[in-house]
Amino acid sequence: MISRSADRIHQKGRTVSETYHTFDPPQQFTAQANAGSDLYEQASSQGTEFWAEQAKRFLHWDKEFTQTLDWTNPPFAKWFEDGELNAAYNAVDRHVEAGNGDRVAIYFEGEPGDSRTYTYRDLKDEVSKAANAFQELGIEKGDRVAVYLPMIPEAVITMLACARIGAVHSVIFGGFSADAIRSRVEDGAAKLIVTADGSYRRGQPTQLKPTVDKALSKGAESIEHVLVVKRNGEDVAWTEGRDVWWHETVDEASAEHTPQPNNAEDPLFILYTSGTTGKPKGILHTTGGYLTHAAYTHYNVFDIKPDTDVYWCTADVGWVTGHTYITYGPLLNGSSQVIYEGTPNSPHRGRFWEIVDKYGVTIMYTSPTAIRTMMKWGEEIPAQYRLDSLRLLGTVGEAINPEAWLWFHRVIGKERCPIVDTWWQTETGGIMISQLPGVTVAKPGSAQHALPGIHAQVVDDSGEKLPNGESGLLVLTQPWPSMLRTIWGDDQRFVDTYWSRFDEKTYFAGDGAKRDEDGDIWVLGRVDDVMNVSGHRLSTPEIESALVSHDSVAEAAVVGATDETTGQAVIAFVILSDDATAEGRDQEDLAAEIRAHVGEEISPIAKPKKVLIVPELPKTRSGKIMRRLLKDVAEDRPVGDVSTLADQTVMDQITESLGR
């Protein structure tokens, strides 16, 4: 390990003092790493044809493409346009044909402790059955299929079955409301929705089908059938002629099915990024380019060794991470992976580590939110488990603060596992900025480098490239294979949302970023998460990172509240660590100490006007903090819609704890 202090960096009217550590990749890891530094040189010298080479290396093509990229009508790109392939064949059939049918594809662990194992041969049969059943239900190439399932194997099987017949899957996160389901189904005009009677959540059975029934009672008239997996045996209402059981339909279908080639630019899936209000924003991904990027990044960023690795991405298939790094990337590369239905704390707080040891997980990809939560629970919990199978760790969802990175590295990785801190979006389809394990000297808190073949820049409001040390806007300046093709049914919105800030060839990610003096990229969060306090631009992730670096703070969220004097004021909501709670310190004194700590870590300008100590933070089931609800509290107005929260009582707890 190398430690060093950065020079003082001048950043838009303020001075930031930073100290960071760097970590050399372990020599033993470097010696066997999939990627080498020459990958950057190869991508630079080959240009667009670098992606043609990846497409041919990682995928089987039924018809070879002759043109790599058509960029004649930006921002509408076409990749490998005259090529043909099938996503499901690439994910399952070809591994069986190559003699790897007995390799485990999925280790499924249910929250109650039940488990199932699927080899690649098993998975091929199950996907074929589902494809036959879907076709019997009238699904044809180009039709949309909505998927509202928990994290069970049938979710992956459904997605692959759609891909097998050329249908377009539209996965809806299993925690969304009836209105969210209805709006997504209506926007995509889905003909079939696949759901389950219910699931399990923190030891209790939950229901899913009643939410679907409620959604369909309000509209969504395009739905012809509801296909229901019997997961937990909860009683559900039944509409004859519309509703069908999975076990009576899919399980009874033939396991013989021939996948049909699809054009590389045929739609593969729609994934909606909006909330429950407003018109949904359906991000459209197509087949050839998306699969190329998924396989390439999964292989190189996670250093996957299909013969020996057991990979586990803890995300839900309702999010893009679950699409690219559960359903497609790992299976395209012939990997064995774990899929877990439940939460990190059910039936106990060591559940994640118990699963790592049970299956010998070697690669774990999880969120900073989960890491910070487990930090709060204490080191003694993971200390009860071996964790000696782990060799690589990854983070996704938001920038990880250095304190959480260091804890993850030390406590979980035992200081031997490289960590890949990945930045990407639903819209990008795959990882764009990340360390390459075995190559990159890691810097906690920074995603660091655009991957080989990716062109990222930090620019000012005029689109001019900024020097190192300056905060600006993160943009992508060249097309990439897994880029979104449009917003479903709304090309103009696609152009206006992503390609109008600068020009039609520059993708604006919506995130702020800076490069440090080494040129490494630090993602600062959404531009709308940047506060303007007395003319100074302050990044909420930066302040939150400073807050959680205080020994008494376990988690933190920051919002900007309207202030007559400064324009906006920084309001911080913090959860205390278990140790700080046990000490029973005076909360006013502690809040003042935390405020002062932020001033020392960043600048007096960044000191929160208020530090509010709360019992919990409002989070969705994916772990995203709903800052708009905290802004309601900070500005003393009625709290808005809480329907997407994992625990809808949290806002009551917060307001009560503050005496409101």
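This is a predicted model: local features need pLDDT of at least 70, side-chain atom pairs count only at pLDDT 80 or more; totals for chains, interfaces and linings use all residues.
Trainee: Which residues make up domain 1 and domain 2?

Mentor: Domain 1 covers 27-513 and domain 2 covers 534-658; such bounds come from an automatic or database domain assignment. Taken over C-alpha atoms, the centres of domain 1 and domain 2 are 31 Å apart.

Trainee: How do you know that domain 1 and domain 2 are in contact?

Mentor: Contact means heavy atoms within 4.5 Å. By that rule, 16 residues of domain 1 are in contact with 16 residues of domain 2.

Trainee: What is the area buried between domain 1 and domain 2?

Mentor: Buried area is the accessible area (1.4 Å probe) that two parts lose on being put together, summed over both. For domain 1 and domain 2 the value is about 1500 Å², with 50% given by carbon and sulfur atoms. In domain 1, Arg201, Thr369 and Lys376 lose the most area to domain 2, together 35% of what that side buries.

Trainee: What makes Ala189 stand out in its phi?

Mentor: Most residues other than glycine have a negative phi. Ala189, however, has a positive phi near 50°. Ala189 lies in the loop between α7 (178-188) and β12 (192-196); helices (H or I, at least four residues) and strands (E, at least two) are DSSP runs, numbered from the N terminus.

Trainee: Is Ala189 called buried, partly exposed or exposed, and why?

Mentor: Buried means under 20% relative accessible area, exposed over 50%, and partly exposed in between (1.4 Å probe, protein chains only). Ala189 has 32% relative accessibility, and therefore counts as partly exposed.

Trainee: Is Asp636 buried or exposed, and how do you know?

Mentor: Asp636 has a relative accessible area of 64%, so Asp636 is exposed. Asp636 also has a positive phi, of about 55°, although it is not a glycine. The loop between α19 (627-634) and α20 (650-657) holds Asp636.

Terms used: Residues are numbered from 1 along each chain as its sequence is written. Side-chain values use heavy atoms; hydrogens and water are left out.
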